[in-house]
Amino acid sequence: MARSDQEKKGTVTIKGVDKEVYRALVSLAKLWGKTAGELATQAFKLYLSITEAVGGAISSLGRALERAGDIISSTGLQVVSGIGRLELDRATLRAAEKPLLLMGIKRLVVKPNVEPELLKEKVMGIVDCEVVEVPPGPLMAEVLKKCRFVGEVAVLDEGEEERGEEALLPLLEEGEEERERH
């Protein structure tokens with residue numbers, strides 16, 4: 001049986017935290033409208049995701065911290081976070097100059113025109129997102145490789161992929177015909 005969010009959270013004391021880093025975290029949390037605990041949890045999840053990606057190359061916690069910092073610095077990641085809904089399409093990914101880390105997004109929709117190879121090249125990770133929607137097919141496997149601490153991965157219905165203004169026109173026209181008959 002899964003524990004509730006309330007049961008998962010509690011007071012945690014961590015000794016040896018740099019006070020300046022903590023103050024910066026609290027300031028950033030206020031700026032983003034979050035608590036320090038929420039932001040610290042996201043930071044922990046990010047750290048765990050990065051060390052998991054690096055895998056067995058890291059043998060101790062001290063080296064892990066150093067290595068995670070080196071990875072972020074050397075890759076020059078572009079972090080995208082704190083967004084309610086983001087639709088990720090081919091043009092957006094191609095325009096990204098640095099690898100993207102998509103973090104803390106409530107609903108991430110990966111559009112059908114994204115090729116698995118492009119996602120593999122341009123997205124380093126999808127971390128701490130509530131829902132990730134993906135079209136059916138080979139893109140799903142690539143998205144799953146990038147996901148860490150994601151609440152739900154949903155397959156887009158084929159109808160959802162195609163919906164747009166053009167798809168609504170026949171419905172609107174039917175409605176007008178129906179009104180004219182009455």
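The legends below describe close-up views of a predicted model. Local features need pLDDT of at least 70 and side-chain atom pairs count only at pLDDT 80 or more, while totals for chains, interfaces and linings use all residues. Residues are numbered from 1 along each chain as its sequence is written, and side-chain values use heavy atoms, with hydrogens and water left out.

**View 1**
The strands follow the order 1-3-5-7 with parallel pairing. The edges are strand 1 (78–81) and strand 7 (147–148), each of which pairs on one side only. Strands (E, at least two residues) and helices (H or I, at least four residues) are DSSP runs, numbered from the N terminus. Two strands pair if DSSP finds at least two bridges between them.

**View 2. Strand 5 and its partners.**
Strand 5 (residues 123–127) runs parallel to strand 3 (residues 100–103), and four bridges join them. Leu102 stands opposite Ile126 of strand 5, and Met103 has Val127 as its bridge partner. Val127 also stands opposite Arg148 in strand 7. Strand 5 and strand 7 run parallel and are joined by two bridges. Four of the five residues in strand 5 are buried. Buried means under 20% relative accessible area, exposed over 50%, and partly exposed in between (1.4 Å probe, protein chains only). In a regular strand the side chains alternate between the two faces of the sheet.

**View 3. Lys122, a buried residue with no salt bridge.**
Lys122 belongs to helix 6 (residues 116–122). Lys122 is buried, and the nearest side chain of opposite charge, Glu121, is 4.4 Å away. A salt bridge is a side-chain nitrogen of Lys or Arg within 4 Å of a carboxyl oxygen of Asp or Glu. Lys and Arg count as positive and Asp and Glu as negative; His and the chain ends are not counted. A polar atom of the Lys122 side chain lies 2.6 Å from the backbone oxygen of Ala96. Not counting residues up to four places away in sequence, Lys122 touches Leu93, Arg94, Ala96, Lys98, Pro99 and Leu100. Contact here means heavy atoms within 4.5 Å.

**View 4. Thr41 in helix 3.**
Helix 3 (residues 36–54) contains Thr41. Thr41 counts as partly exposed because its relative accessibility is 38%. Thr41 and Lys9 are 32 residues apart in sequence, and their C-alpha atoms are 10.0 Å apart in space.

Conventions:
Polar contact = N/O pair within 3.5 Å; in protein donor to acceptor, adjacent residues only side chain to side chain.
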